Amino acid sequence: MSIGFVRSAIVLGLLAVVGPFAIDLYLPAMPQIVADLNTDDAAVQFTFTVYFIAFGLAQLIYGPLADCYGRRLPVFLGLVVYIIGSLMCAWAADVDALTLGRLVQAIGAGAPMVIVRAVVRDLHTGTEATRLMALVMLVFSVSPMLAPLAGSLLITFGSWRLIFLTLGVLAFASMVMIFFQLPETLPPERRSKIDATALVRSTIYLFGDARFLGLTLIGGFALASFFVFIAAAPLVYMTQYELTPTGFSIVFAINAVGFFASSQFAAPLGERHGMARVAFVGVGGFTAATTTLFILVWSGIDGLPVLMALLFIANSFLGQVIAPTMVMALEDHGEHAGMASSLGGTLQMVAGGVMIGLCTPFFDRTALPLTGAIAACAIITLALALATFRPARRKNAPAK
């Protein structure tokens with residue numbers, strides 16, 4: 001069944017924010033959670049690690065389900081699990097219970113992410129898919145720009161627990177929206193049965209596809225830089241720079257604007273110069289900005305304006321990386337878009353969770369370890385881009 005371009009972008013964008021909203025909405029409440037649950041920074045930051053890894057692994061489940069039963073049923077199942085996890089978080093008596101609730105919540109959140117990517121692939125390919133993905137990300141931008149502000153507003157009316165109750169309500173609203181606005185995009189004749197042997201073969205094939213793996217990990221470590229920022233920035237901004245929760249939310253939103261505004265130019269630039277070239281230049285600019293920021297902070301030039309300006313520039317380059325690499329990774333896997341989408345999402349989320357876990361011991365509520373971690377993600381991304389795109393450039397080079 002067909003679905004309008006703009007309408008699909010709006011519906012898919014709103015669906016895509018379900019998982020990330022569970023990250024961004026409670027950022028301003030992190031200091032309050034640390035105090036209320038009588039725990040420490042590392043324990044609360046670990047809830048991010050658990051969320052990202054579970055969020056990623058869960059996508060391995062929803063991909064095959066989406067290829068077998070269509071796109072709608074798995075997303076309804078995931079949203080029900082998400083609601084249960086949100087209620088567990090809201091009623092958590094200690095940080096261990098909160099971590100368990102985040103685990104359940106993340107398992108449910110994996111469904112919308114897989115379904116969004118698979119539906120984009122169902123409807124379009126090439127630059128049209130990049131354009132749709134960019135429009136989805138434009139709607140998606142409501143999450144990082146407005147969620148922290150909404151979270152800071154919620155904690156003025158109640159405790160951090162109100163945030164998780166709100167997430168449950170938003171998930172229910174998403175179920176209603178999907179029921180009325182998102183038709184099934186995978187007809188029965190294109191569905192495949194769940195076959196364990198075939199899934200193993202498909203997974204081995206995808207892992208053996210160097211281009212798929214390279215593009216997926218480029219996007220994964222690029223996103224990991226943002227995930228690391230999310231895990232540490234609230235405590236850095238509200239401690240070193242003494243911002244209020246509302247002040248942090250505004251600064252966070254400004255940093256996010258560059259990413260989502262820039263992403264809207266990915267499709268037209270891809271049509272003109274090729275998506276691979278756009279993504280490669282984006283990775284280069286992102287690495288240059290983040291390493292420059294780390295060197296400045298390490299030299300003692302660590303004022304808030306410096307941090308905001310260079311992160312804005314870095315995120316603007318990052319906007320030219322995520323959508324093109326997502327689209328290119330799925331381009332040759334239309335028959336198994338669900339599996340390719342789920343495996344790609346798993347690898348990207350696990351990369352983010354692992355980077356947070358590795359960097360957390362170094363976080364001390366100052367900007368130096370934060371900027372160092374972001375720069376490390378960028379350097380890894382650049383190395384992957386050089387390995388992935390260089391063969392393509394040599395292949396397309398004119399003979400001498």
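A salt bridge here is a side-chain nitrogen of Lys or Arg within 4 Å of a carboxyl oxygen of Asp or Glu. What you're looking at is a predicted model, where local features need pLDDT of at least 70, side-chain atom pairs count only at pLDDT 80 or more, and totals for chains, interfaces and linings use all residues. Residues are numbered from 1 along each chain as its sequence is written, and side-chain values use heavy atoms, with hydrogens and water left out.

The structure holds four salt bridges. One of them pairs R365 with D41, with the closest N and O atoms 2.6 Å apart. R365 sits in the loop between α17 (337-359) and α18 (367-396) and D41 in helix α4 (residues 41-69), so this pair ties together parts 324 residues apart in sequence. Helices are DSSP runs (H or I, at least four residues), numbered from the N terminus. R365 is partly exposed, at 27% relative accessible area; that label covers what falls between buried (under 20%) and exposed (over 50%), using a 1.4 Å probe and protein chains only.

Another bridge joins R161 to D36, the closest N and O atoms being 3.7 Å apart. R161 belongs to helix α9 (residues 161-181) and D36 to helix α3 (residues 30-36), so the link spans parts 125 residues apart in sequence. R161 is partly exposed at 22%, and D36 is partly exposed at 44%.

Now for the helix packing. The axes (lines fitted to C-alpha atoms over the stretch in contact, with angles from 0 to 180 degrees between N-to-C directions) of α14 (residues 275-298) and α15 come within 7 Å and cross at roughly 165°. That makes α14 roughly antiparallel to α15, a label for angles over 145 degrees.

Key. Helix = DSSP H or I, 4+ residues; strand = E, 2+ residues; numbered from the N terminus. Parallel < 35°, antiparallel > 145°, perpendicular 65-115°, else oblique.
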